[in-house]
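Take a look at the chain below.

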Amino acid sequence: MGINQLKYQKTPAWGMAGALPRPSLSALVVFALGLVGCAGSPSPQAQTHSPEATITNQAVLVQPAKEAVRRWDRVPPVPPVARQALIDARQAMQAKRWSALDALAPVAADDPVLGSYAQYWRLRRLLQDSTTPVPDEQVRLFLAGNQDEYLENRLKSDWIVAAARAGNYALVRELAPVHAPSSAVKCAVATARNVAGESVDVDDLLASFAPSQACWSALDQLYARKVISKNQVRDLMRDALENNRTAQARRLAAIIFTAPQMKDYTALMASPQKWLDRNVNNSSVNPELVSLALSRLARGQRDSAAAYIDRTWAGKIPQENLNWVWGQFGLVSALRVEDDAAKWYRRSGRTPMTDYNNAWQVRAELRQATIDWKQVAAAIDKMNDAQKAEPVWVYWSGRAHAALGHKDKARALFQSIVGDLGFYGQLATEELGLTPSLPAQPQPLTPLDMQDARTNAGLLRAVELFKLGWRPEAVPEWNFALRGMNDRQLRAAAEFAREQHIYDRVVNTSLLTKNEIDFSQRFIAPFEGRVTEQAKSINLDPAWVYGLIRQESRFITDARSGVGASGLMQLMPATAKWVANKIDMHDFSPARVNEFEVNTVLGTNYLNMVLGQLGGSQVLASAGYNAGPGRPIQWRSRLNGSVEGAIFAETIPFTETRLYVKNVLSNANYYAMMFSGRPHSLKDRLGVIAPGGTTTASLP
């Protein structure tokens, strides 16, 4: 088992329900649909996508002021020739047949609903082509004809990046700001502002940094002008290395190291021990290079490597660097689910680490056979204030203070997150001895509320895109239309999505509300009870099945993940075929896997098989459904004693699977309360995970 390649996530993506009441925020970001779990899929560690990058990563930014909204009493009639030209134009764009796209765009323009897309695809291609001049006048003409629409904002963003690449920083500053800027746009604007002598929000830039030409240019310039420090670039490099992004780490290293030092960097990454032995008496060697080389030794035999470090390098590099090395030893051990992780972390002192590694230090302490709650509290105390305030660490801080006898402090911590409607908000409610309950249903929507949604041109355009099956275009179009909406308007938009059977938009739109919390939308249960009927037919908990589907596909029947999983329950083709053979589904064919009946019958039966093999634990079975049954068997086998289900879930070494399990079980508990009308305990659902049991998986 190697280093987990998925980056630390502070919020459990779109599985989290939100908070009640939620703190006042100037902006709220909710990610569009991402398929993060697949029955019978390869382990998340082997996948090339991150939890943030699946179907789309377009964000919704809810702003305080509502702009004028374009209204349609009905969707304008569309000439069939124009719509067909648009469809053909999209195919040409995807196939990179640019001359065909150029020819089709004028015909598609007669589509009054979606015709601008063809011209947008043309102009985007020209803006992304660094070998041709930026078509400024064509872009201005397009923007003038698409004011206050999603494509205007999208093309303006593309134009900003192209203008920065061309050195037209005055134009960049003229165009900014845009709605929900990408990392590349932020970098382009930062470069332009710096050239003009204006201030740059460095913290925001570094927090959103992602590799792109715009961001590398910005980083190079801001570092050269001493706006960004060497330590800030070093921290980005360390973060990249922790997440096994070696090419990115090397590019960052080239910013802070000289050309001769980069030769050393190459050598130590290839063979750290050889490089260290060669430089042990080199008093002028760069301490950061030594630290990197020493940290790479953690991937081998750590006890002998530690003895070598203590014997040979102690006192030769700053203690802060050495502490960071011990933190890397802890991280490698923790991600391999080994017992000695806490031992290494305790040698790291109070030296700051990345958020990702801070989190793993706490998890390493929680996984100890006998938890030392002082060490848990100390590890959380190392975090920065923003990370400490996340519900996960507030909860475990509360548990630590409760175990140490600080009852008032613990109660205050639990109380501070009891309104959070996610996994840890539910657990905090139980720690306070409160009865789990659902939020009160808000006042019903009025006909005027619904009319407001049904005539919103942006929402109607998005619905047309959904009908075409163009989710990559439809989701951001829908999200853009939500900007500035108040709670009631968001609920009406969610209800409009329900009318259109676009169930993922029901959930994700309703999740944006701050005070009007509508669980009938957030935890929608579509398909007229057929999922419940199928689950009950094989004695499977319907609430758990609904909780899993909500996380897997957001109830999209034709959903496909980046690794090929399909349908409501995200079945991998080989798994679907295997289960069909097991249950004697004689009329099965791969082409039918997205059909509701076929997908739910196969998915629930597979889930039931996984549950049976994993001793009836929904925690283990949820992990097995996502990462493959063999993974939780391995993780359980490395326990030194029984642990709470919450601890097992929190210490799953794959980021995707860890978030998945917490979201599925949190979802399931809410569905159970909705279906039964009575309280349900999340702690009871999580149970206790004991070591031992099955040691090999007989399921795919």
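The radius of gyration is taken here over C-alpha atoms, and the globule rule is 2.2 Å times the number of residues to the power 0.38. For 700 residues, that rule puts a compact globule near 27 Å. The protein chain has 27 Å, so the two agree. Keep in mind that this is a predicted model.

**The whole chain**

The protein chain holds 38 helices and four strands. Its C-alpha trace spans about 80 × 65 × 55 Å along the principal axes. Some further values for the chain follow.

| Property of the protein chain | Value |
|---|---|
| Residues that count as buried | 57% of 700 |
| Distance between mean positions of positive and negative charges | 5 Å |

Among contacts with a separation of 6 or more, 67% join residues 24 or more positions apart.

**Helix H23**

Now take helix H23, residues 423-431. Is it enclosed or open? Eight of its nine residues are buried, so H23 is largely enclosed by the rest of the structure. Buried here means under 20% relative accessible area. The buried residues include Phe423, Tyr424, Leu427 and Glu430.

What covers them? The cover includes helices H21 (391-403) and H22 (407-417). It also includes H36 (645-650), H37 (655-676) and H38 (682-686). After H23 comes glycine 433, with a positive phi near 75°.

Methods:
Residues numbered from 1 in each chain as written. Predicted model: local features only at pLDDT ≥ 70, side-chain atom pairs only at ≥ 80, totals over all residues. Heavy atoms only, no water. Helix = DSSP H or I, 4+ residues; strand = E, 2+ residues; numbered from the N terminus. Buried < 20%, exposed > 50% of the residue type's maximum accessible area, 1.4 Å probe, protein only. Contact = heavy atoms within 4.5 Å. Lys, Arg positive; Asp, Glu negative; His and termini not counted. Charge placed at Lys NZ, Arg CZ, Asp CG, Glu CD.
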